[in-house]
Amino acid sequence: MNDYRVVYEILSDVYKRQAYASISLSRRICLAQNREFVTRFVYGVLQDDVKLNYYISCLTSKKPQNSVTVLLKMGMYCIGSMDSVPDYAAVNNILDLAKELGKAGSCGFLNGVLKNFCRQTPAPPKEKAARLSVTASVPLWIVRAYIKQYGFEKTEAFLTAVPDEREHMRINTELISVAGMKDKLDAAGAEYDDDPEFDDCLFVRNSPALKGMFDEGLFTYQSKCSMRCCKTAEVKDGAKVLDMCAAPGGKAVYISAMAKDVSVTACDIYHHRLDLIQAYARRMRRKLDIRLMDATVANKAFFGAFDVVMCDVPCSNLGVAAKKPDVYLFKEQSQIFGLAQEQYRILCNGARYVKAGGDVIYSTCTLLKEENGDVVKRFIKEHRKYKLVESRQYFPDGEGSDGFFVAKIKRTEE
């Protein structure tokens, strides 16, 4: 199977069956001759999805059938963004793929649209929000929501920030020193930079040479915002901590190592997610109390039992769209209300589980206030025994930060 066919099959999984891009890619990448090419191609098309849909709407009189739309997106992305492939070759490769897929009858249409695209890229819309939607390739309803909440200039800044291609590495200093990790990276020829915010972290260029060190538990990949969230908890020696939505386990594992004799109970709703937490903890040589629990249902056995409760709630994930470009594909504005209701129920339960004087850490990896500040404000308004200590919204900045919200809420009395 040639690489264009592999890309098409992965994109079809995503567009037609709403598969996760990362899962479909991992299943099919073994068929690729050039894995780097296929990965870049797939993620590039998904990242530019809104933009490519706009181009198609400008160059066609009616929406093509799904399979032809995928072929057009592939061709347009290749022409517009892959300098290593000449335009004529990109068009010919798409036409050959169409024939291979039994779509020879669409070749004339594909050829005409793609050649017109080669001649001139359609100009973006003139209206500011619509123009930003196309240039940043973000759904228009999301752009308008951001502009309403943060203003145009702020929205444009974080939506057009160029993602940092490096990975954020947290070193397991119980197994190896920072200097020792750098020695290993130097020996492996790996590229890395210091993180000025966390002295036990580095920014690294991912490479196969790192896999063995990762598997040994010498380090893990953990975002700056995830670590900031854990730091907000200010966990003390001997603390009892509950992580209500813990999979895959990064925050629970990190918190367990932040002070002496910290006891962490890590919960999630599905057995396979508990397996992820267990694997993470085992690799990093940490011991967690892992339990199956629905965070939206009150557990009386946990009432008033913990010094810190982490509520890293399910959310729209819009703050990490740069890393997960399929996040935008099937999101609808109507879904946000339902998410906010679920988030509020989880926060209410988490508040029941914390001791008087203890803290609840509420966090999301999104930018919409409906899921962030609004949820916290509603909770504080309706629960007088709790006060907001601090809250912060992080934005994608191209320097290692994602879109992330964290709030610290203290229980003030019994």
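Residues are numbered from 1 along each chain as its sequence is written, and side-chain values use heavy atoms, without hydrogens and water. Because the model is predicted, local features need pLDDT of at least 70 and side-chain atom pairs count only at pLDDT 80 or more, whereas totals for chains, interfaces and linings use all residues.

The second largest pocket holds about 210 Å³ of space. A pocket is here an open set of points on a 1 Å grid over the protein atoms alone, where a 1.4 Å probe fits, with protein on both sides within 12 Å along at least five of seven lines; lining residues have an atom within 4 Å of a point. The volume is the space filled by probe spheres set on the points, which are joined across faces, edges and corners. Tyr-15, Lys-16, Asp-49, Asn-53, Lys-63, Asn-66, Thr-69, Val-70, Lys-73, Leu-329 and Phe-330 line the second largest pocket. By class, this lining comprises four nonpolar, three polar and four charged residues (nonpolar: Ala, Val, Leu, Ile, Met, Phe, Trp, Tyr, Cys and Pro; charged: Asp, Glu, Lys and Arg; polar: the others, Gly among them). At least two lining residues come from each of α1 (3-17), α4 (49-59) and α5, and α5 gives the most, with four. Helices are DSSP runs of H or I with at least four residues, numbered from the N terminus.

Tyr-15, in helix α1, is buried, with a relative accessible area of 18% (buried: under 20%, with a 1.4 Å probe and protein chains only). Leaving aside residues up to four places away in sequence, Tyr-15 touches Val-45, Leu-46, Asp-49, Val-70, Lys-73, Leu-329 and Phe-330, where contact means heavy atoms within 4.5 Å. Tyr-15 and Leu-46 are separated by 31 residues in sequence and by 9.5 Å in space, C-alpha to C-alpha.

Ser-67 belongs to helix α5 (residues 66-81) and is buried, at a relative accessible area of 5%. With residues up to four places away in sequence not counted, Ser-67 touches Tyr-8, Lys-16 and Lys-103.

Helices α8 (residues 128-136) and α10 (residues 152-159) have axes that come within 11 Å and cross at roughly 10°. The axes are lines fitted to C-alpha atoms over the stretch in contact, and angles run from 0 to 180 degrees between N-to-C directions. The two helices, α8 and α10, are therefore roughly parallel to each other (angles under 35 degrees). Lys-128, Leu-132 and Ala-136 of α8 meet Phe-152, Thr-155, Glu-156 and Leu-159 of α10. Four nonpolar, one polar and two charged residues make up this contact.

Technical notes
Angles under 35 degrees count as roughly parallel, over 145 as roughly antiparallel, 65 to 115 as roughly perpendicular and the rest as oblique. Buried means under 20% relative accessible area, exposed over 50%, partly exposed in between (1.4 Å probe, protein chains only).
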